[in-house]
Amino acid sequence: MNEQIKQIAERLAGLRDALEVTPAEMAKVCNLTTEEYLKLESGTVDISVSILHQISQAYGVELTTLMFGDEPKMSSYFITRNGKGVAVERTKAYKYQSLGAGFAGRKADPFLVTVHPKPEDEPIYLNSHAGQEYNLVLQGRMLLQINNKDLILEEGDSIYFNSELPHGMKALDGNKVVFLAVIL
């Protein structure tokens with residue numbers, strides 16, 4: 001499994017240990033079984049941003065700290081230069097680039113997300129998390145499924161939605177899609 005995923009898994013285990021929370025309690029926060037949660041801590045399975053977001057909200061930890069290991073330090077402003085955001089390639093199909101990782105106490109988590117095309121018959125991975133989400137397509141076209149409804153978003157299109165509803169995306173036309181995702 002990807003080295004970055006192993007590092008995230010270690011941070012999850014460390015956080016749980018520091019907070020003296022049982023695997024069962026952490027699993028409940030994530031809406032997972034204890035066995036499913038422990039697989040996340042093992043570093044052998046991918047860990048979705050939505051799961052990390054749920055943990056960050058429940059325990060008052062910065063999402064980017066869980067994802068990247070660094071504590072944000074800026075409180076007035078934080079600039080992310082073009083192509084310089086802290087990135088994590090979560091799977092070969094997704095790349096998240098944090099656009100606000102260095103700002104402490106963020107009320108939103110902005111990411112530049114790149115989704116590579118997958119075979120047509122591959123199902124869309126759905127997730128859900130507390131709060132709301134905003135997506136703005138910057139390049140390409142994507143299928144966004146929200147609560148069993150398929151929506152096609154093209155370059156320049158945006159959507160604001162209840163992220164508690166099951167949602168997932170897929171790149172269309174055999175091309176990658178790049179979009180701004182803001183998790184609130």
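**Reading one buried arginine and what surrounds it**

Student: Which helix does Arg 16 lie in?

Tutor: Arg 16 lies in helix α1. Keep in mind that this is a predicted model.

Student: Is Arg 16 buried or exposed?

Tutor: Read the relative accessible area against a cut-off. Under 20% is buried, over 50% is exposed. Arg 16 has 16%, so it counts as buried.

Student: What does Arg 16 touch, beyond its neighbors up to four places away in sequence?

Tutor: Leaving those neighbors out, Arg 16 touches Val 21, Thr 22, Pro 23, Met 26, Tyr 37 and Glu 41.

Student: What follows α3?

Tutor: Check the backbone there. Gly 43 comes after α3, and its phi is positive, near 80 degrees. There is a glycine after α4 too: Gly 60 has a positive phi of about 65 degrees.

Student: How many residues of α4 are buried?

Tutor: Eight of its eleven residues are buried, so read α4 as mostly covered. The buried ones are Val 49, Ser 50, Ile 51, Leu 52, His 53, Gln 54, Ile 55 and Ser 56.

Student: What is the general idea behind a nonpolar core?

Tutor: In soluble globular proteins, nonpolar side chains tend to be buried together. Here the largest nonpolar core has 38 residues. Within it, Ile 47 and Ile 55 have the most contacts. Helix α1 gives the most to this core, with five residues.

Student: Which residues does Ile 55 touch, not counting residues up to four places away in sequence?

Tutor: Ile 55 touches Leu 12, Leu 15, Met 26, Val 29, Cys 30, Tyr 37 and Leu 66. Met 26 and Tyr 37 are also among the residues that Arg 16 touches.

Student: Now a strand. How many residues of β5 are buried?

Tutor: For a strand, check each face in turn. Strand β5 (residues 142-146) has five of its five residues buried. On one side are Met 142, Leu 144 and Ile 146, and on the other are Leu 143 and Gln 145. Both faces of β5 are therefore covered.

Student: Which strands do bridges join to β5?

Tutor: Count the bridges and note the direction. Five bridges join β5 to β6 (residues 149-153), and this pair runs antiparallel. Five bridges also join β5 to β8 (residues 167-171), again antiparallel.

Student: What is the bridge partner of Gln 145 in β6?

Tutor: The partner of Gln 145 is Asp 150. On the β8 side, Leu 144 has Met 169 as its bridge partner.

Student: How many residues lie between the strands in the hairpin of β5 and β6?

Tutor: Two. In this hairpin Asn 147 takes a positive phi near 50 degrees. Asn 148 is placed in the loop between β5 and β6. Its phi is near 70 degrees, a positive value in a residue other than glycine.

Student: Is Asn 148 buried or exposed?

Tutor: Asn 148 counts as exposed, at 69% relative accessibility. Asp 173 sits in the loop between β8 and β9 (177-183). Its phi is near 65 degrees, positive in a residue other than glycine. At 51% relative accessibility, Asp 173 counts as exposed.

Student: Step back to the whole chain. How many helices and strands are there?

Tutor: Five helices and nine strands. The order along the sequence is α-α-α-α-α-β-β-β-β-β-β-β-β-β. The radius of gyration is 16 Å, close to the 16 Å that the globule rule gives for 184 residues, so the chain is as compact as a globular protein of that length. Along the principal axes, the C-alpha atoms fill a box of roughly 45 × 40 × 30 Å.

Student: What share of the chain do buried residues make up?

Tutor: Buried residues make up 42% of the 184 residues. For contacts, look at sequence separation. Among contacts between residues at least 6 apart, 62% join residues at least 24 apart.

Technical notes
Residues numbered from 1 in each chain as written. Heavy atoms only, no water. Helix = DSSP H or I, 4+ residues; strand = E, 2+ residues; numbered from the N terminus. Buried < 20%, exposed > 50% of the residue type's maximum accessible area, 1.4 Å probe, protein only. Pairing = 2+ DSSP bridges. Core = buried A, V, L, I, M, F, W, Y, C linked by side-chain atoms within 4.5 Å. Contact = heavy atoms within 4.5 Å. Rg over C-alpha atoms; globule rule 2.2 N^0.38 Å.
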